Amino acid sequence: MARKNKQKPLWGNLEPGNLAKVEDIKILICIILFNTKQSLDSETITNIIRYDAIATYFDVAQALIELERDKHILPNENREYSLTENGKTIAKMLNYEIPFTVRERALESLERELTLKRRLSENKIDIVQDEDKYIVKISMLDNDKEMMGVSMRVASKDDAIKIKANFLNDPTSVYTLIFRKLYGINPEE
């Protein structure tokens, strides 16, 4: 008899098919750094790998420690990691040791994380408590100068966090809508 409610078995914080061995996580970190062509801090690397529950936090932390110890990655003065020549060799030669779907999800997470970082650098978002309410202040920046700002008073911190997340998902459409309304431009134009 078939189960009506299909349940996924849990492997700690992982789903079956994700990475459970630190050695595989080390390869994936090298692949991520190789594909980004820029330095990333440990928090960003951890976020990328944990986004789709590809690996656990502690395994990612262990992998970073071992990669740095073995000189496959090097931190700069801001503790952002980049690959050494040995790390690049690992990324190229062992690329196919990691399942395609895991690599693909990690690289999609990389793109999301870099987009989020860029949006956070282009916009300033503050959540300020005001008596029993919260004010969300959003500013569009151009060379660290405010070009436009919007403030909104909301009932709870959860609402404020939701507004911040929704804004960061697509800030361009928010600004476009505001500019069109202020300049009297028809949305169909």
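Student: Does histidine 72 count as buried or exposed, and why?

Tutor: Good place to start, and keep in mind that this model is predicted. Buried means under 20% relative accessible area. Histidine 72 has 17% relative accessibility, so it counts as buried.

Student: Where does histidine 72 lie?

Tutor: Look in the loop between helix 3 (57–69) and strand 2 (73–75).

Student: And which residues is histidine 72 in contact with, leaving aside its neighbours within four places in sequence?

Tutor: Leu67 is one of them, and the others are Ser82, Leu83, Thr84, Asn86, Gly87 and Ile90.

Student: Now for the helices. How are two packed helices described?

Tutor: The description uses the angle between their axes and the distance between the axes.

Student: Which residues make the contact?

Tutor: Helix 6 brings Phe167, Leu168 and Asn169, while helix 7 brings Pro171, Val174 and Tyr175. Sorted by class, this contact has five nonpolar residues, one polar and no charged ones.

Student: Let's turn to the strands. How many bridges join strand 4 to strand 5?

Tutor: Eight, and strand 4 (residues 123–130) runs antiparallel to strand 5 (residues 133–142).

Student: What do strand 4 and strand 5 form?

Tutor: A hairpin, with two residues between the strands. Check glutamate 131 in the turn, which has a positive phi of about 55 degrees.

Notes: Residues numbered from 1 in each chain as written. Predicted model: local features only at pLDDT ≥ 70, side-chain atom pairs only at ≥ 80, totals over all residues. Heavy atoms only, no water. Pairing = 2+ DSSP bridges. Helix = DSSP H or I, 4+ residues; strand = E, 2+ residues; numbered from the N terminus. Contact = heavy atoms within 4.5 Å. Nonpolar A, V, L, I, M, F, W, Y, C, P; charged D, E, K, R; others polar. Buried < 20%, exposed > 50% of the residue type's maximum accessible area, 1.4 Å probe, protein only.
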